[in-house]
Structure formats: C-alpha cells, structure tokens
Amino acid sequence: DSGVTQTPKHLITATGQRVTLRCSPRSGDLSVYWYQQSLDQGLQFLIQYYNGEERAKGNILERFSAQQFPDLHSELNLSSLELGDSALYFCASSVDTGPSYEQYFGPGTRLTVT
Amino acid sequence: AQSVTQPDIHITVSEGASLELRCNYSYGATPYLFWYVQSPGQGLQLLLKYFSGDTLVQGIKGFEAEFKRSQSSFNLRKPSVHWSDAAEYFCAVGHPHGNKLVFGAGTILRVKS
C-alpha cells in the first residue's frame, strides 16, 4: 500500500458525460501528479500540482482539468468524454517537486466510456 | 525531447533463471532513470533509480540496474527470477530540473515453472 488513495476504482459512463476522479496523496506529500495509461498511448504524464499550484503540464487535453485543494487532495475532471478517453488514470504523490523525489502511485481509477 | 524505448514487449523466463530487461533512453544530458513494476490491478512501485555516482544500482526485491552512458541504456537485471516477479516493468526518465517522468511502453514478464 503506497498510501495514495484514489476513488472511485472503476467508473463507467457514456460519451459526452463529465466525471471527476479524486486523489488523496500520502500524508505530508505536497506534490500530486496525474498520469493516463491506455493501450495505444502507454503511460503518459498529464499534469502536476505542487502545494495547490499547477507546476507542470504534459499531454493533457483541453477537455481535462485538474486542481489541488488546500487539504492537498486533487481532482481530475474529464468532460465531453469520448471513447478514446477510456483508460486507467493514476495519481502519484511526492514529498516535494522534481524527479529526485520518489513518486508513490495510487491503485488507479479505471474509466470506461461507452 | 526525452524518450524511452523498451524493445521487448513480452519476455518469458523460467523460474530460477536470470533476467535482463532492456531500456534505452534519448536525452541530451545525464537523465534521472527509474524502473517501476506494475502488478495486475496495482499501481506502480519504484524498484530502483539512478541519479549519479556508481553506475550499478541496487533496488528492492533483488533487482539491480546498470547505467551505461555510451549505450544510453539502463537495463534491469535479476540473477534468479521468482514466480512472484511476473508483472509489467516500466523504465522511465526524468529531467534533473523538470517534474514529469517519461515512461517506456513497458515489458510484460512471464515466469514459467
């Protein structure tokens, strides 16, 4: 158990809908990262927040957004969902920002868009 | 741009045999290098990392990896594989002054008894 929790574990929704994925980082970790894992794209970095502020952006679609709240939990919002958004979404956290700080991964949320 | 290549999609080894998983990276300077393991239905767990210094690094679960700058490689090894090592393994690279990790496509390890 990494100490990172993600809810829900599974999510099934229809095209065009909007969903919110939630992540609670390990106690004391200030940095939260979101990754998408799909069969065709592999594991891709989406976005990072550090202590409430956006710190880095990767291949995140404009239909997707994220935020980190004062209690440091983070939410990833996915809107106007398409079939291709079906994937496993991971959250990771680290104590500080930068690759020298180990990222601890949560178990993921599996999103299925039908 | 940084990139990571894991040339083997699947590898099957016998229990007790040695293992080497290949990883090549493309990066202008010395990157930060990582190996992660993902068991079915689980998140990723860090096996080991290389930032600088000794090019042979030891990790958890008996794994080690060697950084070879001349070959832009960071191959993962284990002298004797156990059935519980069956999983997917990801090599990743990070910029020393950046924040994101770039992952390879992964190698699925199957262990036969």
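Here is a short chat about a predicted model with chains A and B.

Biologist: What should I know before I start, and at which pLDDT do side-chain atom pairs count?

Modeller: Residues are numbered from 1 along each chain as its sequence is written, while chains are lettered from A and ligands numbered from 1 in the order in which they are written. Side-chain values use heavy atoms, with hydrogens and water left out, and in this predicted model totals for chains, interfaces and linings use all residues, local features need pLDDT of at least 70, and side-chain atom pairs count only at pLDDT 80 or more.

Biologist: How many strands does chain A have?

Modeller: Strands here are DSSP runs of E, at least two residues, and helices are runs of H or I, at least four residues, numbered from the N terminus. Chain A has zero helices, and its strands come to 11.

Biologist: Which residue stands opposite Phe64(A)?

Modeller: Strand 7 of chain A pairs with strand 8 (residues 74–78) of chain A over five bridges, in the antiparallel sense. In strand 8 of chain A, the residue opposite Phe64(A) is Leu78(A).

Biologist: What radius of gyration does chain A have?

Modeller: The radius is taken over C-alpha atoms, and the globule rule is 2.2 Å times the number of residues to the power 0.38. For 114 residues that rule gives 13 Å, so chain A is as compact as a globular protein of that length, with a radius of gyration of 13 Å.

Biologist: And what share of chain B counts as buried?

Modeller: Buried means under 20% relative accessible area, exposed over 50%, and partly exposed in between, using a 1.4 Å probe and protein chains only. Chain B has zero helices and 12 strands. Of its 113 residues, the buried share is 47%.

Biologist: Which three residues supply 39% of the area that chain A buries against chain B?

Modeller: Contact means heavy atoms within 4.5 Å, and 19 residues of chain A are in contact with 20 residues of chain B. Buried area is the accessible area (1.4 Å probe) that two parts lose on being put together, summed over both. The two chains bury about 1,500 Å² between them, 60% of it on carbon and sulfur atoms. On chain A's side, the three that supply more than any other three residues are Leu43(A), Pro99(A) and Phe105(A).

Note on methods:
Two strands pair if DSSP finds at least two bridges between them.
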